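Here are a few exercises to work through with the model open beside you. Try each task before you read its solution.

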Amino acid sequence: HTSGTTGKGLHITLSHECQQAEYAFRNLHLSWAGIYPGMKIAYLAGHPVANPLRTKPPFWAKDRINNSIYFSSQHISPQNMTSYLSCLNKFNPDAVIGYPSSIYLIALGLLESPIEVVRPKAVFISSETLLEYQKDTIENAFSCKVYNYYGNAERVGCIMECEYGNLHVQSEYSYIEFIKPDGSTASPGEIGEMVCTGFSNKAMPLIRYCIGDLAIPSNRICTCGRGGQIIDKLIGRIEDIIITPEGKHVGRLDHLFKDMLNVKEAQIVQDSIDLLTINIVKRNDFDSSDLKLLKQEARLRLGDKINLKFEFVDHLKKSPSGKLKFVISNVSSPFKKLKQPNFYELGEARIC
């Protein structure tokens, strides 16, 4: 089932063959970085491997058959960081896979710890929008490339980043259209909602399914030689877009924090068209000059008409699965008016 981050989850029936295809594509992506079945993989992706009330390690579980280890995303904290890093170093994975928000916190711990740093071949992230400051920190801490993977519970879209940093649509997996709010097709360089038709799930086919994610398509050809349309940028969920009083749609606000070394984590919440709340987890050296710079960067991107409210918190609230939404917008967007051409609901199926 989908996580229901937009307030409405969807239960999906998947065929056995569909699951086989899903893991085949994931293994294909791993192979782009030289990772193959049997090599050691560490996961930080919200798996419920430790009781939420647990206060002492282990906060992980080993899968000896697949030579993997699954870490809890819910227990990552300054108090538990030494335990995480010690276990991670002892396991010495060939690859690290998980949510960017979880791996980012481990990366911060690595940069601040005297413990010997692990050196995996690659880090693969998925399930959340990868923010630039997260990517920079992760690559610096692990001394390897971060590969972005886009997938979904509905199994209707697969986009994989290659070693040259380009995002490739996997056209054998599904057919993806990029649609503007007026229903027309987005041209290269324009933002469009992904409307997806999956190929592998015959148990519950989804045809022209509005997944709710935004992207910018491209007509470039990648140096790696692999096929599939190139995506210039994965914007994220429709709900990730901030709308200003002037009517501007602003995405990828992670650039606000690109040079903010004293901000540990941040989250942006918009409850009305004229008010934006920025929740910040400070690092020890955060001071008034950091706040002044942050306000300047926000005004540069959002204009002068929207009110800014800064809240300093000890931690940011995550979903039950351990995911962290960087932007939470409760303001209506034109993209939300895009009608679902074909859809399925449990108990009733409609086919156009």
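**Exercise 1: the open sheet**

Four strands, in the order E17-E16-E15-E18, make up an open sheet with mixed pairing. Its edge strands are E17 and strand E18 (327–329), each pairing on one side only. On average, neighbouring strands in this sheet are turned by 20 degrees against each other, direction ignored.

Before going on, some ground rules. This is a predicted model, where local features need pLDDT of at least 70, side-chain atom pairs count only at pLDDT 80 or more, and totals for chains, interfaces and linings use all residues. Residues are numbered from 1 along each chain as its sequence is written, and side-chain values use heavy atoms, with hydrogens and water left out. Helices (H or I, at least four residues) and strands (E, at least two) are DSSP runs, numbered from the N terminus; two strands pair if DSSP finds at least two bridges between them.

*Task.* Find in which sense E15 and E16 pair, and over how many bridges.

*Solution.*
1. Locate strand E16 at residues 275–282.
2. E15 and E16 pair in the antiparallel sense, over 8 bridges.
3. As a check, Ile-268 has Ile-278 in E16 as its bridge partner.

**Exercise 2: Lys-309**

*Task.* Determine where Lys-309 sits and which residues Lys-309 touches.

*Solution.*
1. Lys-309 belongs to strand E17 (residues 307–312).
2. Leaving out residues up to four places away in sequence, Lys-309 touches Leu-275, Leu-276, Thr-277 and Ile-278 (contact means heavy atoms within 4.5 Å).
3. The C-alpha atoms of Lys-309 and Thr-277 are 4.6 Å apart, although 32 residues separate the two along the chain.
4. With a relative accessible area of 39%, Lys-309 is partly exposed (buried is under 20%, exposed over 50%, partly exposed in between; 1.4 Å probe, protein chains only).

**Exercise 3: helix H4**

*Task.* List the buried residues of H4 and name elements that cover them.

*Solution.*
1. In helix H4 (residues 132–142), Tyr-133, Gln-134, Lys-135, Thr-137, Ile-138, Ala-141 and Phe-142 are buried.
2. Their cover includes helix H2 (81–91), helix H3 (100–112) and strand E15 (263–272).
3. Ser-143 follows H4 and has a positive phi, near 55 degrees.

**Exercise 4: confidence**

*Task.* Which stretch from residue 335 onward has a pLDDT below 50?

*Solution.*
1. Start with the chain: its mean pLDDT is 85, and 86% of its residues reach 70 or more (pLDDT is the predictor's confidence in each residue, from 0 to 100).
2. The stretch is residues 335–352, with 36 contacts in the model beyond near neighbours in sequence.
3. Where pLDDT is low, the predicted coordinates should not be read in detail.

Definitions and conventions. Axes are lines fitted to C-alpha atoms, for helices over the stretch in contact, and angles run from 0 to 180 degrees between N-to-C directions.
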